[in-house]
Every structure is written in C-alpha cells, then in structure tokens.
Amino acid sequence: PPIGLESHRIEDDQILASSMLRHGLGAQRGRLNMQAGTNEDDFFDGAWCAEDDSRAHWLEVDTRRITMFTGVITQGRDSQIHDDFVTSFYVGFSNDSQHWVMYSNGYEEMMFYGNVDKDTPVLSEFPEPAVARYIRIYPQRWNGSLCLRLEVLGCPLSAVSSYYTQQNEVTSTDNLDFRHHSYKDMRQLMKVVNEECPTITRIYNIGKSSRGLKIYAMEVSDNPGEHETGEPEFRYTAGLHGNEALGRELLLLLMQFLCKEYQDGNPRVRGLVTDTRIHLIPSLNPDGYELAHEAVRRQQVEQWSRMWGAGMGCGAVGWDGKAVGCSPPSSQLTTALGWPQGSKLGTRDVSEKGMGPGAVAVETRAVMAWMDKNPFVLGANLQGGEKLVSFPFDMARPSPPTPAAATRPLDYEDEHSELQETPDHGVFRWLAISYASAHLTMTETFRGGCHAPDVTNAMGIVQGAKWHPQAGSMNDFSYLHTNCLELSIYLGCDKFPHESELQQEWENNKESLLTFMEQIHRGIKGVVTDQQGEPIANATIVVGGINHNVRTASSGDYWRILNPGEYRVSARAEGYNPSVKTCHVLYDIGATQCNFVLSRSNWKRIREIMAMNGNRPIRRVVPGRPMTPREHLRLRMRLRHRMRLREQMRLRRLNATMATSSPTAPPSTTALPFPFSSTAYMPWSQEPPTASTWEMDTETEVVTELVTETE
C-alpha cells in the first residue's frame, strides 16, 4: 500500500530535498497527483524541482518507522507550460539518514526507468523488498527540468517513532468488512445486511446506468417502504465520480454499523433509525467505478492515472463510462431544467419540459425522479480530492446591475462575480460545522489543503462558490428545486485509498456521519390540515425573514431546519385562508412541533365566477355616479339578452312537459312581453344556450341587479 504522500498522511516535514528551484517547487510539492495553482509562478506549483541540472540532487522521505519498501510511483510536473519529467533514477535506503545503501541487482546499482510524459504515473516495483526508515530517489536523466512527483509503496514493520503521530493512530473495534467492493460484491453485501436486519432495511433501485447496471439504494427505517407522517427523510449519496471510492466504502460500512448496533440495542442508533427514514446510495456511477476498480485490481497504472486525475474530479470517470472534465455530472441536473447561470432564484419547477431523450444522462433522470418522489429534508454527497465540507451556493452569480454598470461596454466582464449567499446561509454553516468538527482530522488545517493553501479559515468548511465555483451542482439543484438542504463532503486527498487505510478512514468519519444525520431533527416540524382534519398536500410554509419556502408532503407533514431562535411562520394553500404562528426553536436536538389548521376561503368560488364570466373584470359601480349613455346601452342589451334566454329556457321546459303528457300536441308559442327585433341588437352568440351558459348568466344577473338597485 502507499505510505501516504498523496493522502498527506506523510507530513511536509517528512519530505526533504537536496535543493529547490523556488519555494513553490519545494519538496512538499513533490506528492503524487499534486496540482499546480492557477498561477504557476506562485507558492503552489505542481512538483518538486531541483535548482539546477546536477545528478547529485535527491528527494527523500522519512516514514518515522521501520518500513518494508516494495516500490515507488513517479510522475512529472503538473503544468500547462512546462514538460518536465524524470526518465531514470536510482533508489537508496537508510536507517539514520547519514549512511545510505543503494538498491542493487547483486552486481551494480540498479537503474529504474521512469516516465515518458509528465502526466502518467509509472509504477516501479522492487524485485525484492527493502527494509529501512528512509528512502531517497536519485534522478539520473530527465526531460526538460529536473522535476518529480512521487508516491512510495510499503508496509510498516514497527510503531511510529513520533509520540504525537502515535496518538492519532486509531484502531477500529467495529467488526465490519474493511475492503473494496466491486459492483457484484457491493450488491452481495447489501443483501447480507438486509437478511441480517430485515425489519429495518430495504433494498431498492432508483434506475439503471447507461450500461444497464442498477443504481441500488438501501433504506434504513423502523418501517421500511413507507413514508410515516412526521418522520423526516435523510439521504447519503456517494460515487458521483467512478474513481472516488472512499465515500462508497464508508456508506457500505455505515449500513453494516447501523444494522449491528440496532441489534445490539445501541440507544443512539435505535433512536436514529426509529425517528428517521434513512436512504443510502453507495454508487451513483456504477459504470465508472467498475472501470476504476478493474484498473486498480490489475495494477494498470497508466489507465489508473487517466481515471484518477487529481483534485476536483478532473479526469474522473463520468456517468457514461468515459472520462469527463472538472464539472461533476450533476451539472446536468440544472441545465436539464433550463436554469442557466444568473437565472432567477427560487424556481421549483422540476418538470422535464423541453428535455430531449439524449440531452440528459439516464443516471441524471433517475436521480431527479428519486429526489422528486421522496420528501428529503437533509442530505450530503460524499466526494474526494480534498478534505472539507462545501455548502451552497456553488455557482457565483454576477453582481446586480447598478447605474455605473450601465455605462460599461457590452463585452465588459467583472473579474470577481458576487458570491451570493443563500437565505439559509447560517443554517448551512451550522450543518457544515457539525460534520467537520466531529471529524478527527478535517479541522487540522495547519497542514494546508491537498493542493493549495487552506481556504476554510481553519474551520474545515467553505462556500462552494468561494472555493470551486461551478454551475448546476447537486447542492444548488436540491436547494432551489426541492425541500432538501444538501452539502458536499470531501473526505480526503486520496480518492481511492488502500484497503489497509479503510479502517482508519472509518474511524475518522464515523462520528461525523452520525452527528450530521442527527441535525435533521433541528428546527420546526408539523402537519397542515383543514378544519375536518384532512391533510393538505403541497401547502407552502413561509418563515418570516428567510426567503426560502418549503412545501408539505402528500400526507400534509413538513420539516424546516432552522437555527435556534423565534420565528414567525405561516402556512398557505390554494383555496384556504393562511394561518400564522410564532414558533420557538431550542438549542437541544428535537424539532419544535408547529401544526397548522387552515379554513376554506371564498376565493375558490370567486375564481369560478370570474371564469364563468370569461375572466373579465366585473365592473364595480361607484354609488352616486351617473351612468354614461354607452353604459346604459350595454345594460339594456344585457337585460334583453337575458330575457330572451329566460324565455327560451321556459319554452324548452314547457315543450318537455307537453311531450311527456301528449306527444302529438303541437308546441305552444308565447310572445315576448315587449317588442324585440333581432336586427336591432346583434345577439352575443349564435349558438343555442347551454346549462353552463345559463349558470354563467345567472351569476351575472345578480351583479347586474345589484348595479340597478344601486343606481
């Protein structure tokens, strides 16, 4: 397994070099898959580079324990300008960093052959393992400048020499399956968990991938398969990119943990399972993971590098099994709904209008349908490449127009877009801190980020638009189109850690995973019903001062995560009078109950009357104001038309009565009580009146009679 240069388990002061070209190309930058900053001349470049072209230079790693070294992985400089990589090198070992022994083949120092380009990592295995504490790489030939990125493979044979490092070594006591699982293994493990805990688990799938693999989900609840009124729904998803395996394994471990602890009577886990409906999807991208897992299993390092990438998903395996760029596939969620950058906030229309069959990946459609079907309240997607928690908004929006901006040329672009905060910015910060603070190492930001300086202000959390702006993330989609508050949790620098590291990673994240789920029970909750006790679905819950509303589920229940305080909350629904209450949110876990009973309003009847009148406004006559000749003429026309309709209705009824009594009797005719000429006033319609027409005019008659009496 790797000793941890890429994952940063090897700290900066454990990496030394004979020299450096400048500080931004120092030894601490010589980690595998290290990325350069946007400006390659800053302090955060993409490799270690020596100050000159001498063959006496070296790069050294101190493991702080006796280690059996089995090989190294080398890589060139990450740069858009330079093409620097090492093509051959020697390897030396030492136990005191003073006396060095070169690796030999029995006759002479053994030459290892490195890279042929700057991006593809190359594995160099030792024919026989070497046991030592220190290892050095002595480059002999290179392309361009002497630059190198490195990972060392080996197994520790003794305890850590550093006392402080030893204190951070955690051994899990949970009897779980700590290994990487292929698609077949994942499916089998979920089946085993379901068989062990059939009363609290359920396996289902939300759809299929582009290659036909089912996207499996595990539900953990005391009543699986049903939405219980008053019980919020939570989700964890992982595997958005196929090469991000740690989140996948953590969710599989979480399934096993919840099942075992529930059976053992753990009160915390029992309360969580009883009061929450939990959904876990370990692999949103099964196609990409299968490619990555197969590459690792066969040790195809060249293919491994192309799929691994480094950082924020660059080179990751997409939902179609092909390599994608730096934007996650979830960007289709928003573009599929016609939500371009800079569009109006707050839209909740999740229809698929205008979406062609090839415009959106099948996995994207499956995720959208899953989000729309279940009333999720809180969720997180587990990713890799960094160690922090990111919250919305992830998309940087342009500043609002100002008078000064009107004078700018049309092609003017601001260098810095405004970082717009969500109306629930304080809530998102609390949710992010709840995970980061419970993590064993996420807030240790003194080491910096994986590829750049710390961007979290020593807190382990950051707004997505401030750190890595992108349009159409899953977090923004969830916030703008559903009731769910979703965050992205980046678990570490190494996206695909070795199996031997899974136990440590589980202990790092176990408490955080449980604590974050418990936050769903903060804020307010309740049921919206009518006066007969029937639930009202799709009612809107408005919190005063927060411009973000939620809607009730089909059973009339709702949940709203809020920070402690006093809130003015109102419930509104079509055809009902709104109701307002003051709700208090406490600091302790447990949502405050705020139920609403709505009474019927007459607006529904008013709208029906307006529709019968052609949605034309009914004129309001001001008392005391005389009618104009034109208004008198219109009134006479309406009265005559109404009299004619009444006479026609009377004749129709009379004919029907006479036909019943004497079928052969001729129909009678009755003259109008006043002279009427069809040529004097053109009738409004040439069609015979119907029942709906009669009802419409009856309603209009009431208004007209009122107008006449007032006049």
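In what order do the 4 strands of the open sheet run? We'll get there at the second stop.

Before you click, know that this is a predicted model, where local features need pLDDT of at least 70, side-chain atom pairs count only at pLDDT 80 or more, and totals for chains, interfaces and linings use all residues. Residues are numbered from 1 along each chain as its sequence is written, and side-chain values use heavy atoms, with hydrogens and water left out.

**First stop: two helices.** Select 183-196 (H2) and 246-263 (H3): they pack at about 15°, axes 10 Å apart. That makes H2 roughly parallel to H3 (angles under 35 degrees count as such). Helices here are DSSP runs of H or I, at least four residues, and strands are E runs of at least two. Now show side chains in the contact (heavy atoms within 4.5 Å): Met-186, Leu-189 and Val-193 are among those from H2, while H3 brings residues including Leu-252, Met-255 and Cys-259. By class, this contact has 8 nonpolar, 2 polar and 3 charged residues.

**Second stop: the sheet.** The order is S19-S18-S21-S22, with antiparallel pairing; strands pair if DSSP finds at least two bridges between them. Pick 550-551 (S19) and 579-585 (S22): these stand at the edges with a single partner strand each, so one side of each has no neighbour in the sheet. Next, select 540-543 (S18) and 565-572 (S21), which 4 bridges join. Zoom in on Ile-541, and you'll find Ala-571 of S21 opposite.

**Last stop: a covered helix.** Select 474-481, helix H11: 8 of its 8 residues are buried (under 20% relative accessible area, 1.4 Å probe, protein chains only). Among them are Asp-476, Phe-477 and His-481.

Methods: Axes are lines fitted to C-alpha atoms, for helices over the stretch in contact, and angles run from 0 to 180 degrees between N-to-C directions. Angles under 35 degrees count as roughly parallel, over 145 as roughly antiparallel, 65 to 115 as roughly perpendicular and the rest as oblique. Ala, Val, Leu, Ile, Met, Phe, Trp, Tyr, Cys and Pro count as nonpolar, Asp, Glu, Lys and Arg as charged, and the others, Gly among them, as polar. Buried means under 20% relative accessible area, exposed over 50%, partly exposed in between (1.4 Å probe, protein chains only).
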